[in-house]
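This report describes selected features of a predicted model. The sequence and the coordinates are shown first, and the description follows.

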Amino acid sequence: MKAALIGPAPEHRPLYEARRGTPREAGPDAVVAAVLDFAAELRAYGVAHLGAEPVAAGVCLPGIIDEAAGVAVFAANLGWRDVPLRDQLRARLNAPHPDGAPTGTPDDAPTATGAGIPVVLSHDVRTGGLAEGRIGAGKGVDRFLFVPLGTGIAGAIGIDGRVEPGAHGGAGEIGHIVVRPDGPPCGCGQRGCLETLCSAAAVGRDWAAACGDPTATAADAAAAVAAGDPRAEAVWQAAVDALADGLLTGLTLLDPRTLIIGGGLAEAGETLFAPLRRAVRERVTFQRLPTIVPAALGDAAGCLGAGLLAWDRHSAEVSSR
């Protein structure tokens, strides 16, 4: 989990940043509690060290998000179903301080729809895509597809400065395109989904099996590829081929001008990008080949995007008063 206090426009500079582990092994309720605790901790730091309450909060999550209702509908990797996280966060962030001081400013007074500061919920990859589109690798690009390769895989569809959420909050879930029908089981219930084959987690799993070290990671696989280990090269090429097959579907449907690849696997640099560009180029027929570039904001993209969304919401509420 990554969090930051983000300053006002025009710089939107991070004023404080922090990270915490995600207690997935303790179950979905423990993860919710950890998110709420982390948000409260961040708020307390801002009050104590910056002398101000937050004016809005943005939180980005994996899985299917009903942004209008503020509900985490489904997250395969966290075991979440229909978690009303926005309401829970609003309640936690608008609780009184331990010393009894009231929360918020007069402009943040309770409204008919709920108390205190606004909270925005969004999809982690779409939010990261928003940040990449505004201030990162997609800045100035009218159409892009952002695909981070981390624990799972998803996508953000950038269109003229915004990120498309879809009719039901599920746009961009490229990680659940089936590319190998007889492949490994996925948390979504299918087999051979893209994220089971070429996410950083999948590459780490396959390299651990190939080299016999159960602690091996995707970064270890990349290092072994760079060193010329043929076992690593076979694992890596299988992942690149699966990724290129999935990306071809995305390119065919969306026709992006730029394809931005991020996440932990992208940290391998040209060890990933050189064979990936070649594999995509070999697969296109009538499709226009996009520019394929690494993400610019690293694994902080979602956190920065959440801050941008919070400021957007605050600005919209101020302008409507």
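A residue is called buried when its relative accessible area is under 20%. By that criterion helix 3 is mostly covered, with nine of its 12 residues buried, namely Val125, Arg126, Thr127, Gly128, Gly129, Leu130, Ala131, Glu132 and Gly133. Helix 3 comprises residues 124-135, and at 1.5 Å a residue its 12 residues should span 16 Å, which agrees with the 16 Å that separates its end C-alpha atoms.

Elsewhere in the predicted model, three strands form an open sheet in the order 4-5-6, and their pairing is antiparallel. Strand 4 and strand 6 are the edge strands, each of them pairing on one side only, and the twist from one strand to the next averages 15 degrees. Strands 4 and 5 run antiparallel and are joined by three bridges; Ile65 has Ala72, in strand 5, as its bridge partner.

| Strand 4 | residues 64-66 |

A search of the whole structure for aromatic pairs finds one. The ring centres of Tyr16 and Tyr45 are 3.6 Å apart and the ring planes lie at 10 degrees, so the pair is stacked, planes under 30 degrees apart being counted in that class. Because Tyr16 belongs to strand 2 (residues 14-19) and Tyr45 to helix 1 (residues 28-50), the pair ties together parts that are 29 residues apart in sequence. Tyr45 has a relative accessible area of 26% and is partly exposed.

Methods
Residues are numbered from 1 along each chain as its sequence is written. This is a predicted model: local features need pLDDT of at least 70, side-chain atom pairs count only at pLDDT 80 or more; totals for chains, interfaces and linings use all residues. Side-chain values use heavy atoms; hydrogens and water are left out. Two strands pair if DSSP finds at least two bridges between them. Helices (H or I, at least four residues) and strands (E, at least two) are DSSP runs, numbered from the N terminus. Axes are lines fitted to C-alpha atoms, for helices over the stretch in contact, and angles run from 0 to 180 degrees between N-to-C directions. Rings of Phe, Tyr and Trp (its six-membered ring) pair if their centres lie within 6.5 Å; planes under 30 degrees apart count as stacked, over 60 as edge-to-face and the rest as tilted. Buried means under 20% relative accessible area, exposed over 50%, partly exposed in between (1.4 Å probe, protein chains only). The expected span of a helix is 1.5 Å times one less than its number of residues.
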